[in-house]
Amino acid sequence: MAAASAPQSEAAASKAGSGAEGLLDVSVLKELARKSLVDALNSVNGAKTLVLDPTLAGPLGLVTEVALLKHHGVDKMFWLEPGPLSATSTNIVYLCRPLIKWVKIIADQIKRHSQESQKHTYTLLLVPRTSTLVTRILEEEGVLGDVTISSYNLQFIPLAEDVISLEHDSAFKEIWVDGDETIIYDSMQALITLQKLHGLFPRIAGKGDHAARLAHLLTRNTQSVASGDTDTHLNAPSETIDSLIILDRRVDMISPLLTQLTYEGLIDELIGIKNSHVELPVSLVAPPAAPNQGEASSSTAPSTSTAPSASLTKEKKRKHHLTTATDPLLSELQDLNFSAVGKKLNQVARRLDEDYKLRHKAETVAQLRDFVGKLGGLQSEHQSLRLHTGLSEMLVPMTRTEEFNKSLEIQQNLLALYDVNAQVTAIEELIAQGADMRTVLRLLCLASIILGGVKAKSLENIKREVLQTYGYNYLPLLLSLSAPPLAVLLPNPLPANAPPSVADSKYPYNSLRKSLRLLIEDPDPLEELENDISYVYSGYAPISIRLVQCVAQKGGVLSNPAIDKDKKGAGGEDGSKRPSATPMVQAHPIVGWKGFEDVVASIPGETVDIVQKLPIGQDGSPLPPVSSLMLPRERASTTVVFFLGGVTYTEIAALRWVSRQNKGRNFLIATTGIISGNGMIDSIAGINATASKEAGL
C-alpha cells in the first residue's frame, strides 16, 4: 500500500507546492531530532531498557520508529509510571521532561533496586535540556551518584511541509497559569537552531509581553552564540527568510475559544487530534477486504446514508496519522470550511469513477500498461476517499446537535455585539441543560473578553451554577481563569482592589472589529467562497492572522485581496489550492508594523520591531535594509511566524490562505504546540489527556 501511494503523494505534494516554490525544507529538522536521539542512545553501550515519559511518546513517534530504537540497543520499553520496574538489561535509560513528578518516580525505582540488590547502570536523558532542579531532587533523594544525567535536545518537529512544532502541550498553562517561563528559553534555543540552518532573521516583529521577552532573549543569545561559532550561518543575514513574527497567545485569546469550522479544525474540536494522530474506527483506517475495489468506486460517493455513522462510533478505535505525505486528499480538504467538504468529496468521487472507467477504453497494450501504472495511485486515492467520507459522516451528526448549534449562535452574536445580555442568559441555559463544561467556560471567557467583562452579579451566579452543576473540583480552574496574568474571566466593572495589570489587560475588541475588519458582511455565501481569511470562521477573521497581515500583507487588512480579482477565477469556489487565474499580488518588503502602529499599540502587551545587527566582531552595522532584501528576487522568501503558547488548525488554514494570495512570500508556521479551546480548558484544569501513550510508538 505504501509503495502504491508514493506516486499519488508526490502528485499531492506538487499540487500543494504549486505557487509555493521556495518553501524551506523542514525535513532537516526531523533528521536533526533523529540523529540527536541516536547519539544519546549510543552514549550508553550495550543493550538497554528504555523507560519513557508517556507525554513524549507522541512527539517521538513523529521523528522515529521502534525499529530504529531497537537497532540502537533498546531491547525493552516501559512507560515511566509509579511502581516497581523489572528490567533484565544492566543499562536503564530514562527519557523524560524535567518535571518533579517524574524525577521522584525515578528516584523511587532506583532506591527499590538497591534494596533488592539489583545492579543497574542508570542514565537520565532530559528533554530538551538538563535542569538544576532535577539534580537537586536526586541529591535530596540520595541517588544522584547512581545516575548519569544527560539531555536529548528535541526541538522543532515538522508536522507538515509548512508547520513545525515543539509539541509542548502544556506551554500555555505553564506561561499564563503557573508563571513558568522555561518554554520561552526552549523556544529561543529552537529558533537559534533555525537561524544556524538558514541565517539570521533580518527583522523580528512581535506582539505581547512574552513575545517581546522571547525576541530580546533571541537577539541577545544569537549574538553570544555567533561570536563563539564561526561555522554556522549566524554571521550573515538569511537569504531565504525575510523576517520572524512572534505572537504571544494572550494577544488573541478569542480565536482559540471559538469553534473551529475548517475540516481539520473540526476534527480536532469534535474527535481530537494529538501529535497529528487521530483515533478512528478500524474499518475506516484499514483498506477494505473487497477484491474489486474498482467496481465499488462509485459507492464511495459521500451520499451514503448516515446509518453507518452510529455503528462507526461504537467500533474499536485505532490511531491514524493525519499527514499529507501519505494521504493524497488531505491537502485538498484540511483547510476547507466544513460546509464545502461534502461538495469536494463528491467531485473527487466522480473524478475517480471516471478514471476507473478508463480501463474499459484501453484497447492497446500500451494503453493498458498506462492504466496499470496509474492503478496504484487510484487505489491510494480511493482509500483516502473512503477515510474522509467516513470521517465526514462521523462529524455531521455532531455538528447537528442542539448544543453545537446553540454554542455557534452565541459566538456569532457575541462577535457581532448583538443583544449581549441575551447571550449571557443563553450561556446560563446551556448550564441548565447540562452542556459540556468546556463549551460553557469557553463561551463565558469569550463573552468576558469581547464585552470587557461580564456584569458582576451575572458572573457570580454563573460561577455558582458551574460549580453546583459540574462539581467543586473546578473551583481552581475558575480561579485560574480569573486571576492575572490570564485574567480572561472578569466582572464588569472591575472591583476596586483589582491589580492595575488586570485593568490594563482589557481587550479593545469593539475598536479592533472596525480597524482590523474582523467581521465580513458579504452577500456571497461565505462558506462557499474563500475571499478573505474570515472564511475559516464563517465570517470572522482571526485577530492573530490579521496581525500577521499587518506586517506581511498590509493590503489584506484593509480590503480583500481576492475580491479585487474575478471571484470565479480566484480558484476558491471549491476551496481548491490551485493558483488563481488572475496574477497574485507581489509581496511587499517587510517594514515592521508601519501603518498599523496605533491599532497594534491598542492591544495589551508590548510591541517589538527589531532589525538584527550582525554579531560583534563583524562590522557591527545593521543587516542590509529589509527593503533591499525584498526587492524582486530570483526566488521566493519565507516569513517565519512563531506562536508562543500554541496555534489552532484554523489559524494555520487562514495563514495558508494569506500565503496563496502572495507572490514571492511563503509562510513557515512555528509553534509551541497545536491547541484547541477544549485542550486549553483541560490543560488549565489539570486534566491530562495521556491517552496519547500509543501515538506513533
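The model is predicted, so local features need pLDDT of at least 70 and side-chain atom pairs count only at pLDDT 80 or more, while totals for chains, interfaces and linings use all residues. Residues are numbered from 1 along each chain as its sequence is written, and side-chain values use heavy atoms, leaving out hydrogens and water.

**Aromatic rings.** A search of the whole structure finds 4 aromatic pairs (Phe, Tyr or six-membered Trp rings with centres within 6.5 Å; planes under 30 degrees apart are stacked, over 60 edge-to-face, the rest tilted). Select F172 and W176, a tilted pair with centres 5.2 Å apart and 35° between the planes. They are 4 residues apart in helix α7 (residues 171–178), so about one helical turn separates them.

**A charge over a ring.** Next, pick K101 and W102: the charged end of K101 sits over the ring of W102, 4.6 Å from its centre (the cut-offs are NZ of Lys or CZ of Arg within 6 Å of the ring centre and within 35 degrees of the ring normal).

**A strand residue.** Now go to N492 in strand β14 (residues 491–492); helices (H or I, at least four residues) and strands (E, at least two) are DSSP runs, numbered from the N terminus. N492 is partly exposed, at 31% relative accessible area.

Conventions:
Buried means under 20% relative accessible area, exposed over 50%, partly exposed in between (1.4 Å probe, protein chains only).
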